[in-house]
Number of protein chains: 2
Amino acid sequence: MAVNLVAPERLAAVPGARWAIAEAAIKKPGRADLALLILPDTATVAGVFTQNAFAAAPVQIARRHMQQAPRALLINSGNANAGTGRQGEQDAQACCATVAGELGLKAEQVLPFSTGVIGQTLPIDRMTSAIQGMAESAAKDGWLDAAQAIMTTDTVAKGASRTVDIGNGEQIVMTGIAKGSGMICPNMATMLGFIATDAAIRRSDLQQALALANQASFNSITIDGDTSTNDACMLCATGAGAALDAGQAGWPAFVGALTELARELACAIVRDGEGATRFIELAVSGAASVDEARAVGFTVAHSPLVKTACFAGDPNWGRILAAVGRAPIADLSIDGVSIALDDVAIVADGQPRADYVEANAAKVMARPEFTIHIGLGRGSAQARIWTSDLSYEYVRINAEYRS
Amino acid sequence: MAVNLVAPERLAAVPGARWAIAEAAIKKPGRADLALLILPDTATVAGVFTQNAFAAAPVQIARRHMQQAPRALLINSGNANAGTGRQGEQDAQACCATVAGELGLKAEQVLPFSTGVIGQTLPIDRMTSAIQGMAESAAKDGWLDAAQAIMTTDTVAKGASRTVDIGNGEQIVMTGIAKGSGMICPNMATMLGFIATDAAIRRSDLQQALALANQASFNSITIDGDTSTNDACMLCATGAGAALDAGQAGWPAFVGALTELARELACAIVRDGEGATRFIELAVSGAASVDEARAVGFTVAHSPLVKTACFAGDPNWGRILAAVGRAPIADLSIDGVSIALDDVAIVADGQPRADYVEANAAKVMARPEFTIHIGLGRGSAQARIWTSDLSYEYVRINAEYRS
């Protein structure tokens, strides 16, 4: 039921980055469920991780290993290795050690990522067996295979590429893949994103660029408000291409393209949201701060009543108004509030507009994607948040997924 | 689909308090949709109101009129008079004035309450007509009629009575009614509660007792997290019975009975929650503060993934763990966390228990009501939160309710 989303036909290779995939029958046999990204010695790596206090074992280890010089990223689907205690840590470490043995690295140079069901231990013997030999098959054009291998309940593989002019006649390439069908997939934790560029970028600049892009993309989407234990987004600069730093004239173009690519991946996750029939943008303006605009956007995006109204295509704006009113904002006055659906104005200065015609708003909500505009009349800050609706299918997926 | 809930067969009259009902065809004809509570001159009234920044017109007026000596409460169902701007305020004032004219009061002595669809103006002419003559039919035993008149999408009328020994051989009586089938009913805003006792209690003591009872009852339930624009709970002491104050030996018995009655009404709302098939208690212990325990309980209670797992009867404890991990608690460590379903221990000291057998947990979750115990291992504070599951029926009610 993905909304206006098709899988990419091809993804651009990123010089310096190679992918391999393998089958370890982690959840079930018959599909690749391991993906390995191999980076050259020139690479730098940045990452952002879940804020969930109970981060899964692989997330904790990846965070620690980021302090070294990462040269390989191993991702498995089918099992999140979360809530697995000490055994989970040992298993994730064993995966890192096996990859390191294959590639002649230290285990601390390998970052592990897992996505799938929470609370079950990994089939570690099958996994370490499958890892052996993966390096041999690694290829520059393995991005699409990797995008498929990391899927869980995703219905569409997610990836995108960009080429960026960074000045002086130099170009860099950038490709990213992501998985996720909800902030948590049914029974499965995780949104994962992996982006690489061939530019040579120092670690601190790379982290700054990722933080900026992430805030306006992955950190601005929600399916169900359930922040997972395994969320991670990684940005790798292989160093095979042109050098770039934050002081260069080409830097804003790089950050802009990165943000756009990350947003495309993030919105692909929402379009493939569990049971989604609508792709909804919340555009909040007139806020006193960006944090405030985001808080209002997320409160509306998380409201089950707004989400079911979107599913029904019912322009029930009272639910939007009520959700804005319960947002965690001090001294919010209704007098400055405006609400519109695409170009149909409904509320202005806190009053229902005399010229509002419900049939016009119903036409907007019948569209597969639309924007809910919310003005707060308190300042000039704004933010955009993307979400999906709440359908029967969402309940079915999450109630029936585990046997 | 109410869970273990039947309407009360009778409710005890409260000396001094009289109810009248009437039909104004506010949403549709054929049922009583107005209820009027008339209080004697000896009465004191306490109230708690929604924290939604966009409180409905009647809530704003009731808050202001509370500063006077309220003598009458008018409740209408079928229309929330919320998001209605200046017209909404005028209409609510007109209702108060009409009641005041009938009873020989000032308009400021009448408190208005509304529940129903948001964003539509009241049919004020039909309402003021219906109000005329209501006072004549007011009766001491009108509690059950009133409980029915204030229903919206409730499937079961909600009410309860208590008799309390307050020492010195004296007894007081206490009856309450409530409506609500979600923090917001479909398209309709509101949880309302009206409780009266015949005791004579000064206003400040009464307000303190209500605040305590409310925190452990109405403020501890959630269906969908959508705090409404119209929530209100009122406590009236008619003064027809024994005098009571906060310094008296009988005071704890009074507050205890009030809390118990309020909790019964609050839990009745959850049992009649939209689409509910399960009544779930979150018992959070080992917290550093009550606020912390409540925050964890609400985060789990709002998780769509936990709620769908409850609907499925699936002991998917990873979803509970993930929700606890994203609760807004600083420095939460998994090492102290324990999770149990009724008497089936699942996680201890942050580790899955070796003796856990999933079939036992599945038996618990097959029950229509059960408790999810969550230990945080950080302190001695605790809290209980009550909620319902997320079912197909919830989506149907909220997607199909409005034509």
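These points concern two contacts in a predicted model: the one between chains A and B, and the one between the two domains of chain A.

1. Chain contact. Chain B contributes 45 residues to the contact between the chains, and chain A contributes 46 residues.

2. Elements on the chain B side. Four elements of chain B each give two or more residues to the side that touches chain A: helix H8 (304–312), helix H9 (317–325), strand S16 (351–352) and helix H11 (392–400). Of these, H9(B) supplies the largest share, with six residues.

3. Composition of the chain B side. The residues of chain B that touch chain A comprise 22 nonpolar, 17 polar and six charged.

4. Domains of chain A. Residues 18–271 of chain A form domain 1, and residues 279–400 form domain 2. Between the C-alpha centres of these two domains the distance is 32 Å.

5. Domain contact. Within chain A, domain 1 gives 10 residues to the contact between the domains, while domain 2 gives 11 residues.

6. Elements on the domain 1 side. In chain A, strand S11 (221–222) and helix H6 (251–271) are the elements that give two or more residues to the side of domain 1 that touches domain 2. The largest share here comes from H6(A), at three residues.

7. Composition of the domain 1 side. Where domain 1 of chain A touches domain 2 of chain A, the residues of domain 1 divide into five nonpolar, four polar and one charged.

Methods:
Residues are numbered from 1 along each chain as its sequence is written. Chains are lettered from A and ligands numbered from 1 in the order in which they are written. This is a predicted model: local features need pLDDT of at least 70, side-chain atom pairs count only at pLDDT 80 or more; totals for chains, interfaces and linings use all residues. Two residues are in contact if their C-beta atoms, placed from the backbone, lie within 7 Å. Ala, Val, Leu, Ile, Met, Phe, Trp, Tyr, Cys and Pro count as nonpolar, Asp, Glu, Lys and Arg as charged, and the others, Gly among them, as polar. Domain bounds come from an automatic or database domain assignment.
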